[in-house]
Amino acid sequence: MTIRAVVEGVGQYLPERIVPNAWFEEFLDTSDEWIRTRSGIERRHFAAEGENTSDMAVHAARAALAQAGLGVDDIDGILVATSTPDMTFPSVATMVQSDLGMTHGFAFDVQAVCAGFIYALANANALIVSGQAKRLLIIGAETFSRILDWEDRATCVLFGDGAGALVLGAAEGEGTKDDRGILSVDLNSDGRYRDLLYVDGGVSSTGSAGKVRMKGNALFRQAVEKLTSTAESALSAAGLKDDDINWIVPHQANIRIIAGTAKKLGVPMSRVIVTVQEHGNTSAASIPLALAEGVAQGKIKRGDLIISEAIGGGLAWGAVVLRW
Ligand code: UT7
């Protein structure tokens with residue numbers, strides 16, 4: 001018998017305010033056409049004033065619990081992937097814990113920028129497989145709008161806000177690739193690339209939050225190659241091949257990166273969940289948001305083999321193979 005971490009519910013939250021590309025034309029030398037053709041983004045959601053990362057995380061968590069038919073008493077712990085916490089500390093996860101009315105268990109944040117949800121899933125999987133937890137809430141939540149430089153057209157048009165959540169529970173499997181749940185994980189980072197995507201502030205350096213800085217073109221060149229190799233590694237660790245994939249649910253940074261990676265993996269775009277046009281790049285929230293959309297649209301079904309991959313600041317990147 002093998003313990004597997006199986007998805008029991010998925011939920012999402014997007015802030016009410018939708019901002020189309022044309023909005024940026026009012027104050028920047030940019031165009032809807034440039035943003036669409038270079039990134040695939042058409043619009044994004046921005047959090048309202050006073051609406052913080054933890055607020056969005058709580059909405060997504062409630063939706064995931066509702067879909068699973070579970071309450072907070074059924075949950076042993078909460079992991080939140082975010083690079084835009086409400087405060088330096090306490091963690092967003094402990095805020096979510098108290099907002100949900102949960103007074104037991106544990107909660108902590110995971111910071112791996114756009115790869116954060118993959119890293120959080122890897123941690124959650126390890127906690128469940130080792131028997132330390134039976135059921136966990138894993139949330140990706142970001143308010144990147146708060147760390148954007150509105151004068152930098154190369155970054156501010158790309159990001160959006162939102163949150164997505166999964167409930168993962170322990171289930172008995174056969175130890176084969178046909179099991180439901182997380183089948184393999186591949187994590188990587190290389191800090192030599194840290195100047196490709198970073199925030200130019202922080203607690204121990206400037207004492208301020210800082211703004212996003214990105215060498216988009218150099219990062220783009222790294223992205224397709226590293227996403228393809230991490231996906232191949234995760235598939236091979238699970239004893240699976242490209243052909244076995246029902247859905248790629250990728251980090252949503254750029255449609256050209258998504259399409260380039262799918263092509264290298266030999267998966268047609270009809271089997272890729274794409275939300276970048278609606279959400280922009282929501283960093284650690286993009287994968288759970290895309291999973292929630294895939295389920296809501298009736299595409300992702302029980303038993304489907306899914307691969308999720310992401311890359312972001314660090315660089316940090318990775319992939320998870322799971323059967324829904
Ligand atoms: O989630 C974390 C991972 N993130 C990523 O992986 C992002 C990776 N990078 C990208 O998605 C793309 O590199 C971008 C969408 C950021 C940019 O696309 P690109 O095709 O790499 O464009 P570029 O940076 O090479 O810029 C091309 C031109 C430049 O002008 P010149 O130097 O050719 O005259 C830029 O100044 O486009 C210009 N430009 C813009 N023009 C209109 C840059 N931003 C804009 C803009 N509107 N918003």
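The points that follow take the ligand and its surroundings, then a few backbone features.

1. This is a predicted model, in which local features need pLDDT of at least 70 and side-chain atom pairs count only at pLDDT 80 or more, while totals for chains, interfaces and linings use all residues. Residues are numbered from 1 along each chain as its sequence is written, and side-chain values use heavy atoms, with hydrogens and water left out.

2. There are 23 residues around the ligand, and those that come nearest are Thr 30, Asn 217, His 251, Asn 254 and Asn 281; a residue is near a molecule if one of its heavy atoms lies within 4 Å of it. By type, the shell around the ligand divides into twelve nonpolar, seven polar and four charged residues, where Ala, Val, Leu, Ile, Met, Phe, Trp, Tyr, Cys and Pro count as nonpolar, Asp, Glu, Lys and Arg as charged, and the others, Gly among them, as polar.

3. Polar contacts are pairs of N or O atoms within 3.5 Å. An N or O atom in the side chain of His 251 is 2.8 Å from an oxygen atom of the ligand, and an N or O atom in the side chain of Trp 34 is 3.2 Å from a ligand oxygen atom. Arg 153 takes part through a backbone N or O atom, which lies 2.8 Å from a nitrogen atom of the ligand. On its own the ligand has 960 Å² of accessible area, of which the protein covers 74% (Shrake-Rupley method, 1.4 Å probe).

4. Because domain 1 (2-173) and domain 2 (181-323) both give residues to the shell, the ligand lies between them; the domain bounds come from an automatic or database domain assignment. Helix α7 provides the largest share of the shell, four residues; helices are DSSP runs (H or I, at least four residues), and strands are runs of E of at least two.

5. Most residues other than glycine have a negative phi, and most peptide bonds are trans. Phe 89 and Pro 90 are joined by a cis peptide bond with omega about 5 degrees, and Pro 90 is found in the loop between β4 (77-81) and α4 (92-99). The bond from Gly 314 to Leu 315 is also cis, with omega near -10 degrees, and Leu 315 lies in the loop between β12 and β13 (316-323).

Definitions and conventions
Polar contact = N/O pair within 3.5 Å; in protein donor to acceptor, adjacent residues only side chain to side chain.
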